[in-house]
Amino acid sequence: MISNYIKIAVRNLIKYKAYSSINISGLAIGMAAAMLILLWVQHEITFDSFYDKTERIVRLYSRDNDNGKIDVWDNTSPLMGPELKQQYGEVEDAVRYQVVYFLTKVGDNHFNDAGAFADPGFLSMFNFPILRGPVSALTDNSGIVLTKKLAIKLFGNIDCLGQTVIVNDTYNFKVAAVLQDLPTNTGFEFEYLLPWNYLTRLGWDKNQSWGSTNCATYVLLREGSSQTAFDAKILDIVIKHSKGGEESTLETISHPLSKIHLYTKAENGRLTGGRIEMVNVFGAIAALILLVACINFMNLSTARSERRAKEVGVRKIVGARYVSLVIQFICESTILAGIAGVISVVMVQLTLGVFTQITGANIRIEFDNPEFWMLAVAFVLFTGLLAGSYPAFYLSSVQPIKVLKGTFKNGGALVTPRKVLVVLQFTFAIAMIIGTIIIRQQIQFAQNRDSGYERSELAYNFMQGDVPKNYDVIKNDLLKSGAVLSVSRAFSPITRAWGTVSGLAWQGSSETDKKTNFLRYGIDIDFAKTMGIHLIEGRDIDIETYPSDSSAMLLNEAAVNIMQLKDPIGEIIKDQTGKNWTVVGVIKDFIIESPYENVKPMVIQGWTPRYGTVHFRLNPMHTRAANLIEVGRVFMKHNPEYPFEYYFADEFYERKFGNEKQANSLASLFTGLIIFISCLGLFGLASFIAEQRTKEIGVRK
């Protein structure tokens, strides 16, 4: 019986080659597009969910009231991890993790890659594949863990256990383990791991407090432990450890590791949205594309109903049952879907490279995975059933008496299911076009928004190696070279905020005002000139001309509004340590975080303890390439151990639109496919109708 169904299905496919080709093409394109989206969705939802203990790992977040708004961020105090391991029975392990950039050197090979400090249990909690060495590698305070990529760059191979790596141009570490390169669906980004003990040796953990949230803390809960109960116990842990329990309102909550990538948006103190919204939208788009392709099949199948009606009528007269006819048509659609499925896999494989560039995700089809083939068969069967369901029931319901009398009509009514399906197709296409236009307008609105500083030809370099001690000489040489117009040091890049501060007090402020969070920025001289920021009133900070400016402060417009200062110049701002800062100027708001959000209040201090970046504005009278050659020569002269690395403010600013541009690119691509598939189906219907009216056209001529 089944073989008979297959024979008839194949004969019909061969007999009507043109319509079979249109059906197969539409289904193949729709299936390929849906498959690409589903591969991307799988990549997104499996972020950091591939560890053996993923279900029991949580990351701790800090939460506090910020000027009436509940703010949530993903760092805690370095004191948190050890306390949890010692005092909380439901905690099997707790590890701290802090990103760092150090120079790693072996002979003449120097590389300035991202690394991290981590506690000894990091490798056992997150079981990244270890190619060489033990899982306990980080228990050795003189050991370093390298990724395969960095090991090959430094030594030429991964057989380097026990070899020496010079870190930070000062300390010698022995290679204790080599890890497989990190996958793209992990939030961790490091090329080497250093023991947490090294951070202590550097003195970076001095003056730690429960209120200083500067490291990531991951907790492995014991089996059977409740995350809800754990959250209730740790909620006020910072408050309890603060003096008298009254000086802090900082709360601690946990977030499952598998949800960190997808749920990043805080609402009412909880992480409930974020990238998951984009994943859901594109999951719906995948369903729409497949549905549009299936509608094409339905339309063409029902359009040919008059031809198939005689076949159905004769079959019913000779005893064919309704169920057998349904199976016959479902079999035809499934065979067609199977052919389209094979073509779609080929199309996906050919377009994966371009799709990977758009999404930035390392996506591939796992042909050696049995689950892939099971899902592929299920996908084809589902598509075949979806596409063939309506034609099967529609054609199988033909009444033989109407066919034999010649009274069976197809499509004469003003409203028919086929017309409804065609309208539905183009409704989906129009909805996608509107959605794409809205996304593009949002991006353009944010891009056209005044950033508040001059991004063109503004670059920065991180202060590493000998740059801090040779800064004055470097600055003079840069200005003498003619390649640079101005130079300024700052705590962090102009494109990122590395610090915040609260507990500030000013004339007329209240205790509630002390909870207001301000972005914190530190500078020395020529800040406004170098960044191209407009001074509204007062002057710029100038530590060289005015040594007292080490306690001077600039406010942005948002800070002045929050503080409700009518005459801010000369105002005294007291920080939580009791130090007084004098306001010497007010600057125009500039965007340092998201261009889609309001500018946050900021305090800019004449701050000398630690500078993180050197900003320099290139001379537009020369080419950028020529300027960079001169700048690179100066940095290499005074900091020869470190490679000259630079970052342009305008390029980094554009990265802030990365997710939105990715969504726009994907939406545009798949909107085009929906339109193409819809037009392909419309072409098939038009050509079929033209064929039916051949005699009418001949008579008219």
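Okay, one definition to start: I'll say buried for under 20% relative accessible area, exposed for over 50% and partly exposed for anything in between, with a 1.4 Å probe and protein chains only. By that cut-off asparagine 448 is exposed, because its relative accessible area is 67%.

Quick housekeeping. This is a predicted model, where local features need pLDDT of at least 70, side-chain atom pairs count only at pLDDT 80 or more, and totals for chains, interfaces and linings use all residues. Residues are numbered from 1 along each chain as its sequence is written, and side-chain values use heavy atoms, with hydrogens and water left out.

Back to asparagine 448, which sits in helix α14 (residues 417-448). Helices here are DSSP runs of H or I with at least four residues, strands are runs of E with at least two, and both are numbered from the N terminus. Asparagine 448 is 147 residues from proline 595 in sequence, and their C-alpha atoms are 9.8 Å apart.

Next, a helix pair. Helix α15 (residues 471-481) and helix α18 (residues 624-638) have axes that come within 10 Å and cross at roughly 155 degrees. The axes are lines fitted to C-alpha atoms over the stretch in contact, with angles from 0 to 180 degrees between N-to-C directions. Over 145 degrees counts as roughly antiparallel, so that's what we call α15 and α18. Who makes the contact, meaning heavy atoms within 4.5 Å? On α15 we have Val473, Ile474, Asp477, Leu478 and Ser481, and α18 brings Glu630, Val631, Arg633, Val634, Phe635, Lys637 and His638.

Now strands, which pair if DSSP finds at least two bridges between them. Is strand β17 (residues 484-490) mostly buried or exposed? Here 6 of its 7 residues are buried, so β17 is largely enclosed by the rest of the structure. It runs antiparallel to strand β25 (residues 613-618), with 6 bridges joining the two. Look for valine 487 opposite phenylalanine 616 of β25.

Last stop, strand β9 (residues 164-167). Its covered face has Val165 and Val167, while Thr164 and Ile166 make up the uncovered one. On one side, 2 bridges join β9 to strand β4 (residues 104-106), running antiparallel, and threonine 104 has valine 167 as its bridge partner. Strand β10 (residues 171-179) is also antiparallel to β9, through 4 bridges, and there isoleucine 166 partners asparagine 172. The β9 and β10 hairpin has 3 residues between the strands, and asparagine 168 takes a positive phi near 60 degrees.

Methods
Parallel < 35°, antiparallel > 145°, perpendicular 65-115°, else oblique. Contact = heavy atoms within 4.5 Å.
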